[in-house]
Amino acid sequence: MSDNWVEVCAEDDIDEEDVIRFDHAGRTFAVYRSPDAAFFATDGLCTHEKIHLADGLVMDDIIECPKHNGRFSYKTGEAMGAPVCVNLKTYPVKVEDGSVFISI
Amino acid sequence: MTTQASNRDYSLLGESGRTAVETGLAAAEWYHTDVPRKDMKALMQRSDTPAIRDTAIWLGSMLALAAVGTYFWGSWICIPFFLAYGVLYGSASDSRWHECGHGTAFKTRWMNDAVYQIACFMIMRNPVTWRWSHTRHHTDTVIVGRDPEIAVMRPPDLLRLVLNFFGLLDAYHAMIDMVRNAAGIISAEEKTFVPESEQPRAIRIARIWLVIYIATIASALALGSWLPLVLIGLPRLYGAWHHVMTGLLQHGGLADNVIDHRLNSRTVYMNPISRFIYWNMNYHVEHHMFPMVPYHALPQLHAMIKHDLPTPNPSIWSGFLEMVPAFLRQVRNEDYFLKRELPPTARPYREEFHAELAPTAQ
(Lines give C-alpha, C1' and ligand atoms only; values in the text may rest on other atoms or scores of the structure.)
Protein backbone atom coordinates (compact mmCIF):
# COMPACT_ATOMS: atom_id res chain seq x y z
CA MET A 1 0.00 0.00 0.00
CA SER A 2 1.35 3.40 -1.00
CA ASP A 3 2.08 6.00 1.68
CA ASN A 4 1.64 8.77 -0.82
CA TRP A 5 -1.14 10.76 0.85
CA VAL A 6 -2.56 13.49 -1.32
CA GLU A 7 -4.85 16.20 -0.03
CA VAL A 8 -8.19 16.26 -1.82
CA CYS A 9 -10.37 18.87 -0.20
CA ALA A 10 -11.89 20.12 3.03
CA GLU A 11 -14.28 17.71 4.75
CA ASP A 12 -17.22 19.98 4.23
CA ASP A 13 -16.59 20.23 0.49
CA ILE A 14 -18.35 16.89 0.10
CA ASP A 15 -21.96 16.62 1.18
CA GLU A 16 -23.13 13.50 2.97
CA GLU A 17 -24.26 10.81 0.53
CA ASP A 18 -22.47 12.53 -2.31
CA VAL A 19 -19.33 12.36 -4.42
CA ILE A 20 -16.80 14.71 -5.97
CA ARG A 21 -14.29 14.35 -8.74
CA PHE A 22 -10.61 14.70 -7.89
CA ASP A 23 -7.91 14.87 -10.57
CA HIS A 24 -4.28 14.39 -9.71
CA ALA A 25 -1.16 13.69 -11.77
CA GLY A 26 -3.09 12.80 -14.87
CA ARG A 27 -5.45 10.45 -13.05
CA THR A 28 -9.01 10.95 -11.98
CA PHE A 29 -10.67 9.76 -8.80
CA ALA A 30 -14.07 9.83 -7.13
CA VAL A 31 -14.18 10.71 -3.43
CA TYR A 32 -17.33 9.88 -1.49
CA ARG A 33 -18.92 10.81 1.78
CA SER A 34 -21.31 8.16 3.03
CA PRO A 35 -24.62 8.86 4.80
CA ASP A 36 -22.84 8.28 8.12
CA ALA A 37 -20.14 10.79 7.17
CA ALA A 38 -17.31 8.35 6.44
CA PHE A 39 -15.05 8.98 3.43
CA PHE A 40 -14.10 6.63 0.61
CA ALA A 41 -12.27 6.86 -2.71
CA THR A 42 -12.25 4.92 -5.96
CA ASP A 43 -11.02 5.34 -9.48
CA GLY A 44 -13.04 8.10 -11.02
CA LEU A 45 -14.13 6.40 -14.22
CA CYS A 46 -16.74 3.69 -14.58
CA THR A 47 -15.09 0.41 -15.57
CA HIS A 48 -17.80 -0.11 -18.21
CA GLU A 49 -17.29 2.89 -20.46
CA LYS A 50 -15.02 5.45 -18.79
CA ILE A 51 -17.70 7.87 -17.64
CA HIS A 52 -17.00 10.09 -14.64
CA LEU A 53 -18.70 8.58 -11.63
CA ALA A 54 -18.67 11.96 -9.90
CA ASP A 55 -21.62 12.91 -12.12
CA GLY A 56 -23.55 9.93 -10.81
CA LEU A 57 -25.89 9.20 -7.94
CA VAL A 58 -24.82 8.07 -4.49
CA MET A 59 -27.44 5.95 -2.72
CA ASP A 60 -26.39 4.60 0.66
CA ASP A 61 -23.15 2.74 -0.13
CA ILE A 62 -23.72 2.56 -3.88
CA ILE A 63 -22.48 4.80 -6.68
CA GLU A 64 -24.52 4.68 -9.87
CA CYS A 65 -22.89 5.64 -13.15
CA PRO A 66 -24.78 8.49 -14.83
CA LYS A 67 -24.53 7.04 -18.33
CA HIS A 68 -25.85 3.49 -18.08
CA ASN A 69 -26.88 3.22 -14.41
CA GLY A 70 -24.23 0.62 -13.62
CA ARG A 71 -23.73 0.31 -9.88
CA PHE A 72 -20.72 -0.21 -7.64
CA SER A 73 -20.16 -0.37 -3.92
CA TYR A 74 -17.89 2.60 -3.40
CA LYS A 75 -16.73 1.04 -0.12
CA THR A 76 -15.39 -2.15 -1.68
CA GLY A 77 -15.33 -1.26 -5.37
CA GLU A 78 -17.48 -4.30 -6.14
CA ALA A 79 -19.44 -4.18 -9.39
CA MET A 80 -23.08 -4.82 -8.44
CA GLY A 81 -24.49 -5.93 -11.77
CA ALA A 82 -24.84 -5.30 -15.51
CA PRO A 83 -23.68 -3.38 -17.34
CA VAL A 84 -20.72 -3.12 -14.97
CA CYS A 85 -18.75 -6.31 -14.62
CA VAL A 86 -15.29 -5.14 -13.54
CA ASN A 87 -14.72 -3.89 -10.00
CA LEU A 88 -13.50 -0.40 -9.22
CA LYS A 89 -10.13 0.11 -7.60
CA THR A 90 -10.43 1.67 -4.16
CA TYR A 91 -7.97 3.82 -2.25
CA PRO A 92 -7.42 4.42 1.47
CA VAL A 93 -8.80 7.68 2.81
CA LYS A 94 -8.06 9.59 5.98
CA VAL A 95 -9.22 12.85 7.46
CA GLU A 96 -6.75 15.08 9.25
CA ASP A 97 -7.35 18.56 10.59
CA GLY A 98 -10.55 18.88 8.63
CA SER A 99 -9.02 17.83 5.30
CA VAL A 100 -9.57 14.67 3.29
CA PHE A 101 -6.54 12.75 2.01
CA ILE A 102 -6.33 9.73 -0.28
CA SER A 103 -3.39 7.35 -0.62
CA ILE A 104 -2.49 6.78 -4.28
CA MET B 1 -41.89 2.15 -50.67
CA THR B 2 -38.94 0.92 -52.68
CA THR B 3 -35.76 0.45 -50.75
CA GLN B 4 -32.59 1.08 -52.65
CA ALA B 5 -28.94 0.51 -51.98
CA SER B 6 -27.88 2.60 -49.01
CA ASN B 7 -24.65 4.39 -48.17
CA ARG B 8 -25.27 3.32 -44.61
CA ASP B 9 -24.31 -0.11 -43.33
CA TYR B 10 -26.48 -0.69 -40.26
CA SER B 11 -24.94 -4.05 -39.46
CA LEU B 12 -23.05 -4.02 -36.17
CA LEU B 13 -20.35 -6.01 -37.95
CA GLY B 14 -20.08 -3.73 -40.97
CA GLU B 15 -18.16 -0.85 -42.45
CA SER B 16 -20.13 2.01 -40.94
CA GLY B 17 -19.49 0.68 -37.46
CA ARG B 18 -15.77 0.40 -38.14
CA THR B 19 -15.74 3.95 -39.48
CA ALA B 20 -17.55 5.20 -36.40
CA VAL B 21 -14.87 3.68 -34.19
CA GLU B 22 -12.04 5.06 -36.32
CA THR B 23 -13.44 8.59 -36.48
CA GLY B 24 -14.24 8.79 -32.77
CA LEU B 25 -18.03 8.74 -33.15
CA ALA B 26 -18.24 5.56 -31.10
CA ALA B 27 -18.21 5.93 -27.30
CA ALA B 28 -17.74 9.66 -27.77
CA GLU B 29 -18.28 12.45 -25.27
CA TRP B 30 -21.76 13.86 -25.85
CA TYR B 31 -23.04 17.36 -25.29
CA HIS B 32 -25.05 18.00 -22.17
CA THR B 33 -26.63 21.09 -20.69
CA ASP B 34 -25.02 22.45 -17.54
CA VAL B 35 -27.12 21.67 -14.48
CA PRO B 36 -25.82 22.54 -10.99
CA ARG B 37 -24.85 19.45 -9.03
CA LYS B 38 -27.28 20.30 -6.25
CA ASP B 39 -30.19 20.42 -8.71
CA MET B 40 -29.07 17.27 -10.47
CA LYS B 41 -28.87 15.36 -7.20
CA ALA B 42 -32.43 16.36 -6.40
CA LEU B 43 -33.61 15.26 -9.83
CA MET B 44 -31.80 11.92 -9.65
CA GLN B 45 -33.33 10.93 -6.31
CA ARG B 46 -35.12 7.63 -6.42
CA SER B 47 -38.47 6.87 -4.95
CA ASP B 48 -40.64 3.76 -4.89
CA THR B 49 -43.94 5.59 -4.49
CA PRO B 50 -44.65 6.82 -8.05
CA ALA B 51 -43.69 3.52 -9.63
CA ILE B 52 -45.61 1.42 -7.09
CA ARG B 53 -48.68 3.54 -7.77
CA ASP B 54 -48.28 3.37 -11.54
CA THR B 55 -47.53 -0.35 -11.54
CA ALA B 56 -50.58 -1.06 -9.42
CA ILE B 57 -52.71 0.93 -11.88
CA TRP B 58 -51.06 -0.74 -14.89
CA LEU B 59 -51.27 -4.35 -13.76
CA GLY B 60 -54.54 -3.86 -11.87
CA SER B 61 -56.17 -2.39 -14.96
CA MET B 62 -54.89 -5.24 -17.05
CA LEU B 63 -56.34 -7.80 -14.66
CA ALA B 64 -59.67 -6.03 -14.59
CA LEU B 65 -59.83 -5.59 -18.36
CA ALA B 66 -58.78 -9.21 -18.94
CA ALA B 67 -61.42 -10.42 -16.48
CA VAL B 68 -64.22 -8.44 -18.11
CA GLY B 69 -63.00 -9.30 -21.61
CA THR B 70 -62.91 -12.97 -20.71
CA TYR B 71 -66.41 -12.76 -19.22
CA PHE B 72 -67.73 -11.34 -22.48
CA TRP B 73 -65.61 -13.61 -24.68
CA GLY B 74 -67.59 -14.77 -27.67
CA SER B 75 -69.50 -11.52 -27.89
CA TRP B 76 -68.54 -8.26 -29.60
CA ILE B 77 -68.72 -6.62 -26.18
CA CYS B 78 -65.34 -8.07 -25.27
CA ILE B 79 -63.54 -6.13 -28.02
CA PRO B 80 -63.08 -2.70 -26.38
CA PHE B 81 -61.85 -4.38 -23.19
CA PHE B 82 -59.26 -6.40 -25.05
CA LEU B 83 -58.21 -3.41 -27.13
CA ALA B 84 -57.46 -1.51 -23.92
CA TYR B 85 -55.84 -4.59 -22.38
CA GLY B 86 -53.72 -4.92 -25.49
CA VAL B 87 -52.33 -1.40 -25.22
CA LEU B 88 -51.42 -1.94 -21.58
CA TYR B 89 -49.77 -5.26 -22.45
CA GLY B 90 -48.23 -4.50 -25.84
CA SER B 91 -47.33 -0.82 -25.40
CA ALA B 92 -47.07 0.16 -21.73
CA SER B 93 -44.72 -2.79 -21.31
CA ASP B 94 -42.28 -1.03 -23.63
CA SER B 95 -41.83 1.94 -21.31
CA ARG B 96 -41.70 -0.31 -18.24
CA TRP B 97 -39.02 -2.45 -19.93
CA HIS B 98 -37.13 0.71 -20.65
CA GLU B 99 -37.32 2.48 -17.31
CA CYS B 100 -36.80 -0.65 -15.20
CA GLY B 101 -33.96 -1.68 -17.47
CA HIS B 102 -32.28 1.58 -16.50
CA GLY B 103 -32.97 0.77 -12.86
CA THR B 104 -34.53 4.16 -12.29
CA ALA B 105 -38.25 3.37 -11.94
CA PHE B 106 -38.09 2.21 -8.32
CA LYS B 107 -35.67 2.93 -5.54
CA THR B 108 -35.80 -0.73 -4.44
CA ARG B 109 -33.74 -2.92 -6.72
CA TRP B 110 -35.85 -6.06 -6.62
CA MET B 111 -38.95 -4.10 -7.61
CA ASN B 112 -37.14 -2.76 -10.68
CA ASP B 113 -36.00 -6.26 -11.55
CA ALA B 114 -39.43 -7.85 -11.07
CA VAL B 115 -41.28 -5.33 -13.21
CA TYR B 116 -38.44 -5.50 -15.74
CA GLN B 117 -38.87 -9.25 -16.16
CA ILE B 118 -42.65 -8.97 -16.52
CA ALA B 119 -42.38 -6.15 -19.04
CA CYS B 120 -39.68 -7.93 -21.03
CA PHE B 121 -41.91 -10.96 -21.40
CA MET B 122 -44.83 -8.89 -22.61
CA ILE B 123 -42.82 -6.82 -25.08
CA MET B 124 -40.91 -9.92 -26.21
CA ARG B 125 -37.43 -8.58 -25.50
CA ASN B 126 -34.93 -10.88 -23.87
CA PRO B 127 -34.04 -9.12 -20.59
CA VAL B 128 -30.35 -9.84 -20.98
CA THR B 129 -29.72 -9.06 -24.66
CA TRP B 130 -31.96 -6.02 -24.70
CA ARG B 131 -30.38 -4.55 -21.56
CA TRP B 132 -27.06 -4.67 -23.34
CA SER B 133 -28.42 -3.43 -26.66
CA HIS B 134 -30.04 -0.52 -24.86
CA THR B 135 -26.77 0.25 -23.14
CA ARG B 136 -25.18 0.48 -26.57
CA HIS B 137 -28.06 2.68 -27.75
CA HIS B 138 -27.23 5.17 -25.01
CA THR B 139 -23.52 5.06 -25.71
CA ASP B 140 -23.89 5.47 -29.47
CA THR B 141 -27.35 6.91 -30.04
CA VAL B 142 -28.27 6.69 -33.73
CA ILE B 143 -24.65 6.09 -34.73
CA VAL B 144 -24.93 3.95 -37.83
CA GLY B 145 -23.29 0.58 -37.41
CA ARG B 146 -23.11 0.94 -33.63
CA ASP B 147 -26.67 1.48 -32.39
CA PRO B 148 -28.69 -1.76 -32.52
CA GLU B 149 -31.95 0.10 -31.80
CA ILE B 150 -32.29 2.43 -34.77
CA ALA B 151 -36.02 2.17 -35.42
CA VAL B 152 -36.09 3.60 -38.93
CA MET B 153 -33.09 2.91 -41.09
CA ARG B 154 -32.42 4.92 -44.20
CA PRO B 155 -33.81 4.87 -46.73
CA PRO B 156 -36.98 4.09 -44.73
CA ASP B 157 -38.86 0.89 -45.44
CA LEU B 158 -42.38 2.28 -45.30
CA LEU B 159 -44.05 -1.13 -45.51
CA ARG B 160 -42.06 -2.28 -42.50
CA LEU B 161 -43.12 0.86 -40.64
CA VAL B 162 -46.78 0.16 -41.27
CA LEU B 163 -46.49 -3.54 -40.40
CA ASN B 164 -44.84 -2.68 -37.12
CA PHE B 165 -47.86 -0.73 -35.98
CA PHE B 166 -49.37 -4.19 -35.66
CA GLY B 167 -46.19 -5.61 -34.17
CA LEU B 168 -45.88 -8.11 -36.99
CA LEU B 169 -42.22 -7.84 -37.88
CA ASP B 170 -41.01 -7.14 -34.36
CA ALA B 171 -42.89 -10.12 -32.94
CA TYR B 172 -41.69 -12.34 -35.79
CA HIS B 173 -38.06 -11.40 -35.15
CA ALA B 174 -38.60 -11.73 -31.40
CA MET B 175 -39.85 -15.29 -31.81
CA ILE B 176 -36.93 -16.19 -34.06
CA ASP B 177 -34.51 -14.70 -31.51
CA MET B 178 -36.22 -16.53 -28.66
CA VAL B 179 -36.08 -19.91 -30.39
CA ARG B 180 -32.47 -19.31 -31.41
CA ASN B 181 -31.45 -18.29 -27.90
CA ALA B 182 -33.41 -21.20 -26.41
CA ALA B 183 -31.38 -23.49 -28.69
CA GLY B 184 -28.28 -22.13 -26.99
CA ILE B 185 -27.21 -19.87 -29.82
CA ILE B 186 -26.17 -16.25 -29.38
CA SER B 187 -25.92 -14.54 -32.76
CA ALA B 188 -22.74 -12.90 -34.02
CA GLU B 189 -24.37 -9.47 -33.74
CA GLU B 190 -25.59 -10.15 -30.20
CA LYS B 191 -22.06 -11.14 -29.28
CA THR B 192 -20.84 -7.65 -30.18
CA PHE B 193 -22.69 -6.16 -27.23
CA VAL B 194 -23.56 -9.01 -24.82
CA PRO B 195 -20.59 -10.09 -22.72
CA GLU B 196 -19.85 -13.78 -22.69
CA SER B 197 -20.53 -14.00 -18.97
CA GLU B 198 -24.10 -12.82 -19.53
CA GLN B 199 -24.96 -15.10 -22.43
CA PRO B 200 -26.00 -18.18 -20.42
CA ARG B 201 -28.66 -16.09 -18.64
CA ALA B 202 -30.07 -14.97 -21.97
CA ILE B 203 -30.33 -18.59 -23.03
CA ARG B 204 -31.99 -19.68 -19.79
CA ILE B 205 -34.63 -16.96 -19.97
CA ALA B 206 -35.41 -17.76 -23.61
CA ARG B 207 -36.03 -21.38 -22.60
CA ILE B 208 -38.43 -20.34 -19.84
CA TRP B 209 -40.35 -18.14 -22.24
CA LEU B 210 -40.51 -20.90 -24.82
CA VAL B 211 -42.14 -23.16 -22.24
CA ILE B 212 -44.68 -20.46 -21.39
CA TYR B 213 -45.60 -19.92 -25.04
CA ILE B 214 -45.83 -23.65 -25.71
CA ALA B 215 -48.12 -24.00 -22.70
CA THR B 216 -50.25 -21.11 -23.92
CA ILE B 217 -50.58 -22.58 -27.40
CA ALA B 218 -51.35 -25.99 -25.91
CA SER B 219 -54.09 -24.41 -23.76
CA ALA B 220 -55.57 -22.74 -26.81
CA LEU B 221 -55.59 -26.02 -28.69
CA ALA B 222 -57.00 -27.93 -25.75
CA LEU B 223 -59.78 -25.39 -25.23
CA GLY B 224 -60.40 -24.95 -28.92
CA SER B 225 -60.23 -21.21 -28.29
CA TRP B 226 -58.02 -18.23 -29.16
CA LEU B 227 -58.56 -16.81 -25.67
CA PRO B 228 -55.28 -17.97 -24.08
CA LEU B 229 -53.35 -16.35 -26.93
CA VAL B 230 -55.46 -13.21 -26.82
CA LEU B 231 -54.37 -12.94 -23.19
CA ILE B 232 -50.72 -13.96 -23.63
CA GLY B 233 -48.65 -13.22 -26.71
CA LEU B 234 -51.08 -11.73 -29.22
CA PRO B 235 -51.46 -8.44 -27.30
CA ARG B 236 -47.87 -7.75 -28.38
CA LEU B 237 -49.39 -7.41 -31.86
CA TYR B 238 -52.83 -5.92 -31.43
CA GLY B 239 -51.67 -3.61 -28.64
CA ALA B 240 -48.39 -2.44 -30.19
CA TRP B 241 -49.66 0.63 -31.99
CA HIS B 242 -49.22 3.09 -29.13
CA HIS B 243 -45.60 2.27 -28.38
CA VAL B 244 -44.76 2.31 -32.08
CA MET B 245 -46.50 5.66 -32.49
CA THR B 246 -44.61 7.23 -29.60
CA GLY B 247 -41.37 5.37 -30.27
CA LEU B 248 -41.03 6.62 -33.84
CA LEU B 249 -41.07 10.18 -32.58
CA GLN B 250 -37.99 9.59 -30.41
CA HIS B 251 -35.48 9.90 -33.26
CA GLY B 252 -37.51 9.65 -36.47
CA GLY B 253 -36.42 11.91 -39.31
CA LEU B 254 -33.65 13.50 -37.26
CA ALA B 255 -29.86 13.49 -37.68
CA ASP B 256 -27.70 10.41 -37.44
CA ASN B 257 -23.97 10.19 -36.70
CA VAL B 258 -23.94 13.21 -34.41
CA ILE B 259 -22.93 13.52 -30.76
CA ASP B 260 -25.52 16.02 -29.57
CA HIS B 261 -28.86 14.58 -28.48
CA ARG B 262 -30.51 17.90 -29.29
CA LEU B 263 -29.91 17.00 -32.94
CA ASN B 264 -30.94 13.35 -32.94
CA SER B 265 -33.73 13.15 -30.35
CA ARG B 266 -37.14 14.73 -30.03
CA THR B 267 -39.19 15.90 -27.04
CA VAL B 268 -42.94 15.98 -27.62
CA TYR B 269 -45.65 17.26 -25.31
CA MET B 270 -48.27 14.55 -24.91
CA ASN B 271 -51.65 14.01 -23.28
CA PRO B 272 -51.67 12.48 -19.78
CA ILE B 273 -52.96 9.07 -20.89
CA SER B 274 -50.17 8.68 -23.42
CA ARG B 275 -47.68 9.89 -20.84
CA PHE B 276 -48.90 7.23 -18.40
CA ILE B 277 -48.52 4.54 -21.03
CA TYR B 278 -45.18 5.97 -22.14
CA TRP B 279 -43.90 6.82 -18.64
CA ASN B 280 -42.76 10.30 -19.67
CA MET B 281 -40.39 9.08 -22.38
CA ASN B 282 -41.83 11.84 -24.53
CA TYR B 283 -39.13 13.93 -22.78
CA HIS B 284 -36.68 12.12 -24.93
CA VAL B 285 -33.88 14.67 -25.32
CA GLU B 286 -33.86 15.06 -21.56
CA HIS B 287 -33.77 11.32 -21.03
CA HIS B 288 -30.82 10.80 -23.35
CA MET B 289 -28.90 13.71 -21.91
CA PHE B 290 -29.47 12.61 -18.32
CA PRO B 291 -30.49 8.93 -18.21
CA MET B 292 -30.04 8.81 -14.47
CA VAL B 293 -33.10 11.02 -13.92
CA PRO B 294 -36.12 8.80 -13.20
CA TYR B 295 -39.24 9.11 -15.32
CA HIS B 296 -41.23 10.91 -12.65
CA ALA B 297 -38.66 13.75 -12.51
CA LEU B 298 -38.39 14.30 -16.26
CA PRO B 299 -40.98 17.09 -16.37
CA GLN B 300 -38.95 19.02 -13.76
CA LEU B 301 -35.74 18.37 -15.68
CA HIS B 302 -37.42 19.58 -18.84
CA ALA B 303 -38.48 22.82 -17.13
CA MET B 304 -34.92 23.34 -15.94
CA ILE B 305 -33.13 22.86 -19.26
CA LYS B 306 -35.65 23.69 -21.96
CA HIS B 307 -33.91 27.01 -22.56
CA ASP B 308 -31.01 25.00 -24.02
CA LEU B 309 -33.06 22.60 -26.10
CA PRO B 310 -35.06 22.80 -29.31
CA THR B 311 -38.70 23.73 -28.77
CA PRO B 312 -40.68 20.55 -28.17
CA ASN B 313 -43.34 19.48 -30.61
CA PRO B 314 -46.65 20.54 -29.06
CA SER B 315 -48.38 17.21 -29.74
CA ILE B 316 -48.04 13.73 -31.18
CA TRP B 317 -49.89 14.97 -34.26
CA SER B 318 -47.41 17.82 -34.70
CA GLY B 319 -44.53 15.39 -34.43
CA PHE B 320 -45.97 13.17 -37.14
CA LEU B 321 -46.72 16.15 -39.37
CA GLU B 322 -43.00 16.92 -39.52
CA MET B 323 -41.70 13.36 -39.31
CA VAL B 324 -43.69 11.58 -42.02
CA PRO B 325 -42.70 14.00 -44.80
CA ALA B 326 -39.11 13.60 -43.64
CA PHE B 327 -39.39 9.81 -44.03
CA LEU B 328 -40.84 10.26 -47.51
CA ARG B 329 -37.97 12.55 -48.48
CA GLN B 330 -35.46 10.08 -47.07
CA VAL B 331 -36.83 7.44 -49.43
CA ARG B 332 -35.43 9.53 -52.29
CA ASN B 333 -32.51 11.15 -50.46
CA GLU B 334 -31.27 9.14 -47.51
CA ASP B 335 -29.05 11.97 -46.31
CA TYR B 336 -32.00 14.28 -45.72
CA PHE B 337 -32.88 14.97 -42.08
CA LEU B 338 -34.72 17.53 -39.99
CA LYS B 339 -32.33 19.88 -38.26
CA ARG B 340 -33.64 20.93 -34.87
CA GLU B 341 -33.51 24.70 -34.43
CA LEU B 342 -32.26 26.02 -31.12
CA PRO B 343 -33.73 28.99 -29.25
CA PRO B 344 -31.53 32.10 -28.76
CA THR B 345 -30.98 31.06 -25.12
CA ALA B 346 -29.30 27.80 -26.10
CA ARG B 347 -25.63 27.00 -26.48
CA PRO B 348 -25.07 26.48 -30.20
CA TYR B 349 -24.42 23.15 -31.81
CA ARG B 350 -20.75 22.49 -32.36
CA GLU B 351 -20.86 22.42 -36.11
CA GLU B 352 -17.23 21.36 -36.35
CA PHE B 353 -18.18 18.06 -34.73
CA HIS B 354 -20.89 17.46 -37.30
CA ALA B 355 -19.08 18.43 -40.49
CA GLU B 356 -20.51 15.48 -42.33
CA LEU B 357 -24.13 16.47 -41.78
CA ALA B 358 -26.09 16.79 -44.97
CA PRO B 359 -27.72 20.17 -45.52
CA THR B 360 -31.39 20.38 -44.57
CA ALA B 361 -34.01 20.56 -47.22
CA GLN B 362 -36.49 23.40 -47.50
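## A hairpin to start with

In the hairpin of β9(A) and β10(A), two residues lie between the strands, and Asp97(A) there takes a positive phi near 50°. The two strands, β9 (residues 93-96) and β10 (residues 99-103) of chain A, run antiparallel and are joined by four bridges. Across this pairing, Val95(A) stands opposite Val100(A) in β10(A). Strands here are DSSP runs of E with at least two residues, helices are runs of H or I with at least four, and both are numbered from the N terminus. Two strands count as paired if DSSP finds at least two bridges between them.

A word on conventions: this is a predicted model, in which local features need pLDDT of at least 70 and side-chain atom pairs count only at pLDDT 80 or more, while totals for chains, interfaces and linings use all residues. Residues are numbered from 1 along each chain as its sequence is written, with chains lettered from A and ligands numbered from 1 in the order in which they are written.

## Two open sheets in chain A

Let us turn to the sheets. One is open and antiparallel, with four strands in the order β2-β3-β4-β8 of chain A. Because β2 (18-24) and β8 (90-91) of chain A stand at its edges with a single partner strand each, one side of each is left without a neighbour in the sheet. Further in, β3 (residues 27-33) and β4 (residues 39-43) of chain A pair in the antiparallel sense over five bridges. Val31(A) has Ala41(A) in β4(A) as its bridge partner.

Three strands of chain A make another open, antiparallel sheet, ordered β5-β6-β7. Its edge strands, β5 (57-59) and β7 (71-73) of chain A, each pair on one side only. Neighbouring strands are turned by 25° against each other on average, direction ignored. Three bridges link β6 (residues 62-64) of chain A to β7(A) in the antiparallel sense, and Ile62(A) stands opposite Ser73(A) in β7(A).

## Nonpolar cores

The largest nonpolar core has 89 residues, and those touching the most other members are Val19(A), Ala30(A), Val31(A), Tyr32(A), Ile63(A) and Ala119(B). Helix α6(B) gives the most to this core, with seven residues. Such a core is a set of buried Ala, Val, Leu, Ile, Met, Phe, Trp, Tyr and Cys residues joined through C-beta atoms within 7 Å. A second, separate core of seven residues includes Val258(B), Tyr336(B), Phe337(B) and Leu338(B).

Leaving aside residues up to four places away in sequence, Tyr32(A) touches Val19(A), Phe39(A), Phe40(A), Val58(A), Ile63(A) and Tyr74(A). Contact means that two C-beta atoms, placed from the backbone, lie within 7 Å.

## A covered helix in chain B

Helix α5 (residues 92-102) of chain B is mostly covered, with 11 of its 11 residues buried; among them are Trp97(B), His98(B) and Cys100(B). A residue is buried if 20 or more other C-beta atoms, placed from the backbone, lie within 10 Å of its own. The cover includes α3 (49-71), α4 (78-90), α6 (109-123), α7 (127-139), α14 (241-251) and α16 (272-278) of chain B. Just after α5(B), Gly103(B) takes a positive phi of about 80°.

## Where the chains meet

Between the chains, 13 residues of chain A are in contact with 17 residues of chain B. On the chain A side, these divide into six nonpolar, three polar and four charged. Here Ala, Val, Leu, Ile, Met, Phe, Trp, Tyr, Cys and Pro count as nonpolar, Asp, Glu, Lys and Arg as charged, and the others, Gly among them, as polar.

Technical notes
Axes fitted to C-alpha atoms, helices over the stretch in contact; angles between N-to-C directions. Buried ≥ 20, exposed ≤ 12 C-beta atoms within 10 Å, placed from the backbone.
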